[in-house]
Amino acid sequence: MDGPLDLDELPIVVRGDGVEIRAIETGDLTTARVRLAKGHDARPLFMGLPGDLCQCPHWGYVITGALRVWTAGGSDLYHAGQAFYWPPGHAPEALEDSDFLEISPTRELRALYAHLAGRDAT
């Protein structure tokens, strides 16, 4: 990859009702820009995964908006300007139109995308 990464130019890997994910694999890690529309709740998409929650860890930064991230133990709030680490066992819900940068292990993320494709989310 030459030059700076333009998040708006990344290939779309998931597009569905209220969600758009653009991503690029860079070896063992994948960088993604995730956009969720207000009210989008990812929990139904993760049904069938262990605990019905995303099993891929993510490190990232909330660019705009506000998110509630559900876990088996409850939920946490994240707002624009906050960095995060979401371990396996989470599901985001957009409280506002939200945009965030996410860095994830490629292998685990591929498994997540395969699950989403099987649920007609792409």
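This is a predicted model: local features need pLDDT of at least 70, side-chain atom pairs count only at pLDDT 80 or more; totals for chains, interfaces and linings use all residues.

Two strands count as paired if DSSP finds at least two bridges between them. By that criterion β4 pairs with β9 (residues 98-105): 5 bridges join the two strands, which run antiparallel.

**Sheet**

- The sheet is open and is formed by 6 strands in the order β1-β2-β3-β9-β4-β7, with antiparallel pairing.
- β1 (12-16) and β7 (83-86) are the edge strands; each has a single partner, so one side of each has no neighbour in the sheet.
- From one strand to the next, the twist averages 20°.
- Strands of a sheet pair through backbone hydrogen bonds, in either a parallel or an antiparallel manner.

- α1 has 13 residues and spans 18 Å from its first C-alpha to its last, close to the 18 Å expected at 1.5 Å a residue.
- Thr106, Leu109, Leu112, Tyr113, His115 and Leu116 are the buried residues of α1.
- The cover over these buried residues of α1 includes β1, β2, β3, β4 and β9.

**Cysteines**

- A disulfide is a covalent bond between the sulfur atoms of two cysteines.
- Searching the whole structure gives 0 disulfides.
- Cysteine 54 is in no disulfide, and the nearest cysteine sulfur, that of cysteine 56, lies 5.4 Å away.
- Cysteine 56 is likewise in no disulfide, its nearest cysteine sulfur being that of cysteine 54 at 5.4 Å.
- The cut-off for a disulfide is a pair of cysteine sulfur atoms within 2.5 Å.
- Cysteine 54 counts as buried because its relative accessibility is 1%.
- Cysteine 56 also counts as buried, at 1% relative accessibility.

**Loop residue with positive phi**

- Most residues other than glycine have a negative phi.
- Aspartate 52 is not a glycine, yet it has a positive phi of about 55°.
- Aspartate 52 lies in the loop between β3 (29-36) and β4 (58-64).
- With a relative accessible area of 36%, aspartate 52 is partly exposed.

How values were computed:
Residues are numbered from 1 along each chain as its sequence is written. Side-chain values use heavy atoms; hydrogens and water are left out. Helices (H or I, at least four residues) and strands (E, at least two) are DSSP runs, numbered from the N terminus. Buried means under 20% relative accessible area, exposed over 50%, partly exposed in between (1.4 Å probe, protein chains only). Axes are lines fitted to C-alpha atoms, for helices over the stretch in contact, and angles run from 0 to 180 degrees between N-to-C directions. The expected span of a helix is 1.5 Å times one less than its number of residues. Contact means heavy atoms within 4.5 Å.
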